[in-house]
Amino acid sequence: MKGLILDAVWEPKPDYKVSDWEKATGKAITGNSVWRYPNLEVREKADPQLKPDQILLAVQACGVCGSDMHSYETDADDYILYPGLTKFPSILGHELSGKVVEVGRDVTDLKVGDMVTVEEMIWCGECIPCRNGYPNHCTHLEEIGFTIDGGFAKYLAIGAKFAWKIDGIAEHFGDEQKAYQVAALTEPTTVAYNAMFERAGGFRPGHFVAVYGAGPIGLAAIGLAEAAGAGKIAVFEISAERRELAKKIGADHVYDPAEVTPHEVLMELSRGEGFNFQVEAAGAPHLTVPEMVKSLAINAKMVQIGRAAQNVPMYLETLQVRRAQFFGAQGHSGHETFPNVIRMVASGRLDLSPVITARYGLDDTVAAIAKATERKDGKIMVLPNA
Ligand SMILES: [Zn+2]
Ligand SMILES: [Zn+2]
């Protein structure tokens, strides 16, 4: 079958200490410190072999993620930019939906023809964090499209327990192709849902919500905030195209942070009371967190979704005076997150379909990722079996 394979050279930076675990597994914990000279190419690879507990999917739609861009873009020394867990060569792509075309002999709850979307995090279910109910912190984690083959391919074999049926979405749209494309947005949406509602415990209807960054995760956060009854949603985003998308999804006020000072805007919009729920989806906390801290309502919550491996100064006195909390979040598995997002989309209360701004065939996946690096699109979809 065909797939978008990322190849790179294992060449740890001189100051990076490779652990014994990394040596034994061939996985880099901090990808951008290890993988050099990436090469992305759509080419033939052997069909996946189905294990007894797996299903085989004909991938119908797979979204381009910021992390795919960061495995394509390099620093001045030709290292990839993506800082996460990685093992190459692998087929990229982790935001997908597909049709079940074969089931392993131990699979009981899915059948050929089922329409599903899947989790990206392949949690083991047996390590201590998994057994304690924290699959997003699995110590034996594999990630599709990062450490094992992903969805920019004709087919994907994946454990049945990671698949969620999307019948409700198909019924809502009455159009299989549209349903698959919208369902492929489930993965990034669950990342925002997990951060906002599982980790940070959500907000009260009527609360004022600020979202920093309106890339695909920020747009999902805006849609979720709207559906959950925010009293006002203010968004800061440098791209004019994305500001327009933010408005379509439910933002009440959008600003270019290069032209305003966010905390001043938020204090004005709230008549001096501050914003109750502040979402970092820009991956620039050194810029956004100081703004959040100056615009907190009493009892405010801040949640970090964007990834940024850096120290950020935070004025803690304000957290005390405003009785505020800061939450870190990663992942999307467990905690009813996938089924709840699917329900919201199936009910029509969460409509992220305007977020999809371009579609490509599998052969043009490299061009799709290059287009994404312009950072003007919402979500770009690759349709491997169209
Ligand atoms: Zn992603
Ligand atoms: Zn585990």
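# Briefing: sheets, helix packing and domains

An open sheet of 3 strands is found here, with the order β2-β1-β4 and antiparallel pairing. In that sheet, β2 (35-44) and β4 (90-91) are the edge strands with a single partner strand each, so one side of each is left without a neighbour. The model is a predicted one. The protein is divided into domain 1 (2-185 + 352-383) and domain 2 (189-328).

**The domains and their contact**

- The C-alpha centres of domain 1 and domain 2 are 27 Å apart.
- To the contact between them, domain 1 gives 10 residues and domain 2 gives 14 residues.
- The side of domain 1 that touches domain 2 consists of 5 nonpolar, 2 polar and 3 charged residues.

- Strand β1 (residues 2-10) is joined to β4 by 2 bridges in the antiparallel sense.
- L6 has S90, in β4, as its bridge partner.

**The sheet of 6 strands**

- A further open sheet has 6 strands in the order β13-β12-β11-β14-β15-β16, and its pairing is parallel.
- The edges of this sheet are β13 (253-255) and β16 (325-328); each has a single partner strand, so one side of each lacks a neighbour in the sheet.
- From one strand to the next, the twist averages 15°.
- Strand β15 (residues 296-304) and β16 run parallel and are joined by 4 bridges.
- Within this pair, V303 has F327 of β16 as its bridge partner.
- Helix α7 packs on the sheet and touches β11 (208-212), β12 (232-236) and β14; the direction of α7 makes about 170° with that of β11.
- Helix α9 lies across β11, β12, β13 and β14, and runs at about 165° to β12.

**Helix α6 and its two packing partners**

- Two packed helices are described by the angle between their axes and the distance between the axes.
- Helix α6 (residues 186-199) packs with helix α7 (residues 216-227) at an angle of about 60°, and their axes are 8 Å apart.
- The two helices α6 and α7 are therefore oblique to each other, and α6 passes α7 in a right-handed crossing.
- On the α6 side, this contact is made by P188, T189, V191, A192, Y193 and M196, while α7 contributes P216, I217, A220, A221 and L224.
- By class, the residues of the contact of α6 with α7 are 10 nonpolar, 1 polar and no charged.
- With helix α12 (residues 337-347), α6 packs at an angle of about 110°, and the axes are 9 Å apart.
- Helices α6 and α12 are therefore roughly perpendicular to each other, and α6 passes α12 in a right-handed crossing.
- Here α6 contributes T186, T189, T190, Y193, N194 and E198, whereas α12 contributes T337, F338, N340, V341 and I342.
- The residues of the contact of α6 with α12 comprise 4 nonpolar, 6 polar and 1 charged.

- Most residues other than glycine have a negative phi, and most peptide bonds are trans.
- The peptide bond from F88 to P89 is cis, with omega near 5°.
- P89 belongs to the loop between α2 (66-72) and β4.
- R271 is not a glycine, yet has a positive phi of about 50°.
- The position of R271 is in the loop between α9 (262-269) and β14 (275-280).

Note on methods
Residues numbered from 1 in each chain as written. Chains lettered and ligands numbered in written order. Predicted model: local features only at pLDDT ≥ 70, side-chain atom pairs only at ≥ 80, totals over all residues. Pairing = 2+ DSSP bridges. Axes fitted to C-alpha atoms, helices over the stretch in contact; angles between N-to-C directions. Parallel < 35°, antiparallel > 145°, perpendicular 65-115°, else oblique. Left-handed = near helix turned anticlockwise from the far one by under 90°. Contact = placed C-beta atoms within 7 Å. Nonpolar A, V, L, I, M, F, W, Y, C, P; charged D, E, K, R; others polar. Domains from an automatic or database assignment.
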